[in-house]
Amino acid sequence: MSTYDRPDGMLRVLMLDNEYPPLGGGTGIVNRRLLEHWAARGDVDVDLVTSSRLRRGGEYEELTPDIRIHKVPVDNRNIHHSSSRELLTYAWRGWRLARRLALRGGHDVCLAWAGVPAGGVAMWLRQELGLPYIVSLQGPDVPGFEDRYRWHYLLLTPFIRGVWRRAEAVTACSEGHRELALHTDPGAPVQVIANGVDIECFCPPEVRREEAGALRLLCVGRLIERKGQHHLLAAVRRLRDLGQDIELTLVGTGDGEADLRRLAAELRLEACVRFAGCVSHEEMPDLYRASDLFVLPSYNEGMSIALLEAMACGLPVVVTDTGGTRELVRGNGVVVPWADAAALADAITALAADVGLRRSMGEASRAVAARYTWAHAADEYLSLCRAVARAHRRGVSPSLGRAVADEPTGLEHSGRR
């Protein structure tokens, strides 16, 4: 008997994610927020298999006795992203541990964060043990998302399609991310479960600061080429040349930090650009509230958590026309082309000159962000997991969403709020 049939209604989930805070970026954060909400419910039991920076020996921790985190040694050299060797190490060691847990755990469903490597591990478990799985697409695991992985995509795309097609369900974190996935598999019925934000923690200041002084720009994200901070620095140089009083704070670290610091020096921006490094989650609300404008010049995004946080704090935004970013701009900011420093500068200039416009856009940002909460996202994932468990018990044929076609999951309006 599946544990899902137990009188207490407890659902047992085997969860796979090669990154989890402090390792990695947004995917691990989404995973963490989901587990925090599930931990408060009391009707979900989770074994998460993720990575440890240790070279040998694993780590173990608990959010609650029902939410257990198992970390296999991967020896990550870089906390921001994993190398091919590290991904393969997680796939092998993660599969071995997940298999042992699944054999003794009576799990009802497996939730894999990203098609590679976690989705591959889930697919292997399904083939051997019959455990149904869901794949949550979150970013670079979708071909075409990040240019630096273009050769990896050429090699992995057939495997990625296989992972999706053998899954009971596949989710994307935004409509833009779903559209990108359909370029790889046009027939894939990918459904959207959007990322969220804590609108109580991230909220506007009670009193806005005086508008005198420099316009304070904020950009939050890993310092890598895809995030586009080099284009923002070029835009700030243009603004300074036009006499604009601008200050820019860059939050985050990454492989591109040294290059960005050199570029800031070459552009003579040391006096107005601050590299803040890693900032704790607890400190971020005050940093958003101390800013006038949030800028995200990325090449691609699934659905930026930092952007949602900035919007929840009532900031107007300037973002690039890409991925899950443009769908969050609804009267609360300006969308510009990728890699266009002139367009970035023009958008910032327009908002710098109009305090009333910034304030109205900030109010619109808050209203949009309020539609995206972690509680709602956690409920949607839980509904989907329960639907897959029911369908699997009934023996419905697994075929990318077919297993849950007749199940009421509450997902009809996901990502379209």
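Helices here are DSSP runs of H or I with at least four residues, strands are runs of E with at least two, and both are numbered from the N terminus. On that count, the protein has 12 helices and 14 strands. This is a predicted model, where local features need pLDDT of at least 70, side-chain atom pairs count only at pLDDT 80 or more, and totals for chains, interfaces and linings use all residues. Residues are numbered from 1 along each chain as its sequence is written, and side-chain values use heavy atoms, with hydrogens and water left out.

**Overall build**

- For 417 residues, a compact globule would come out near 22 Å in radius of gyration, and the protein agrees at 22 Å; the radius is taken over C-alpha atoms, and the globule rule is 2.2 Å times the number of residues to the power 0.38.
- Of contacts between residues at least 6 apart in sequence, 68% join residues at least 24 apart (a contact means heavy atoms within 4.5 Å).

- Buried residues account for 57% of the 417; buried means under 20% relative accessible area, exposed over 50%, and partly exposed in between, using a 1.4 Å probe and protein chains only.

**Aromatic pairs**

- The structure holds seven aromatic pairs. Rings of Phe, Tyr and Trp (its six-membered ring) pair if their centres lie within 6.5 Å; planes under 30 degrees apart are stacked, over 60 edge-to-face, and the rest tilted.
- Trp92 and Trp95 are stacked, because their ring centres are 5.8 Å apart and their planes are at 25°.
- Both belong to helix α2 (residues 84–105), and being three residues apart there puts about one helical turn between Trp92 and Trp95. Trp92 is partly exposed, at 49% relative accessible area.
- Trp124 and Phe159 have ring centres 6.4 Å apart and planes at 50°, so this pair is tilted.
- Trp124 is in helix α3 (residues 115–129) and Phe159 in helix α4 (residues 150–166), so the pair ties together parts 35 residues apart in sequence.
- Trp124 is partly exposed at 33%, and Phe159 is partly exposed at 29%.
- Phe202, Tyr288 and Phe294 are linked by ring pairs into a cluster.
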